[in-house]
Amino acid sequence: MLSKPPAWFDVTATDAAKSREFYGELFGWEVKVDESMNYGLTVTSEGVAGGIGQATEDSPHPVGLVMYFPVADLEAALERAKQLGGSCAVPPWEIPGLGKMAVFHDPDGNRVGLWQR
């Protein structure tokens, strides 16, 4: 059993509306879209919650999937990832009322998220 299973997933898509429809149909998810951010929050009956957003030229989030893992200390976890051969992809940012997130590249270049609540 995983000691720290993923806490959130994020899909960044070239066509967010099409991706929301695809995943909604595939998994039976309801997706509630916040039009101001063009970001859809998934409503699932079980499993990990997440969202599907639109890729933009000025966003630090390229097209792809990122799984976010919970950590007690975001900065310490990001520093540990660097010590182990990773690198920072997106520096920590605050999500009001929900905590802080960051994304790093592992030694193979995979994007992995951290979430401190």
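**From values to terms**

Mentor: In this predicted model, the side chain of D58 makes a polar contact with the side chain of T56, at 2.9 Å.

Trainee: What makes the pair D58 and T56 a polar contact?

Mentor: A polar contact requires a pair of N or O atoms within 3.5 Å, one able to donate a hydrogen and the other to accept it. The side chains of D58 and T56 are paired at 2.9 Å, so the distance meets the cut-off of 3.5 Å.

Trainee: Where is D58 placed, and why is D58 called exposed?

Mentor: D58 lies in the loop between β4 (50-54) and β5 (64-70). Its relative accessible area is 70%, and exposed means over 50%; D58 is therefore exposed.

Trainee: How do you know whether L78 is buried or exposed?

Mentor: Buried means under 20% relative accessible area. L78 has 6%, so L78 is buried. This residue belongs to helix α2 (residues 74-83).

Trainee: Which residues does L78 touch, leaving aside those up to four places away in sequence?

Mentor: On that basis, L78 touches C88, P92, A102, F104 and L114. As for W8, it is 70 residues from L78 in sequence, and the two C-alpha atoms are 17 Å apart in space.

Trainee: Why is T42 called buried?

Mentor: The relative accessible area of T42 is 8%, and the cut-off for buried is under 20%; T42 is therefore buried. T42 sits in strand β3 (residues 39-43). Not counting residues up to four places away in sequence, T42 touches F9, W29, E30, V31, A49, G50, G51 and I52.

Trainee: How many helices and strands does the chain have, and what pattern do they follow?

Mentor: There are two helices and eight strands. Along the sequence they follow the pattern β-α-β-β-β-β-α-β-β-β.

Trainee: How do you know that the radius of gyration of the chain agrees with that of a compact globule?

Mentor: For 117 residues, a compact globule would have a radius of gyration near 13 Å; the chain has 14 Å, so the two agree. The C-alpha atoms fill a box of roughly 40 × 35 × 30 Å along the principal axes.

Conventions:
Residues are numbered from 1 along each chain as its sequence is written. This is a predicted model: local features need pLDDT of at least 70, side-chain atom pairs count only at pLDDT 80 or more; totals for chains, interfaces and linings use all residues. Side-chain values use heavy atoms; hydrogens and water are left out. Helices (H or I, at least four residues) and strands (E, at least two) are DSSP runs, numbered from the N terminus. The radius of gyration is taken over C-alpha atoms; the globule rule is 2.2 Å times the number of residues to the power 0.38. Buried means under 20% relative accessible area, exposed over 50%, partly exposed in between (1.4 Å probe, protein chains only). Contact means heavy atoms within 4.5 Å.
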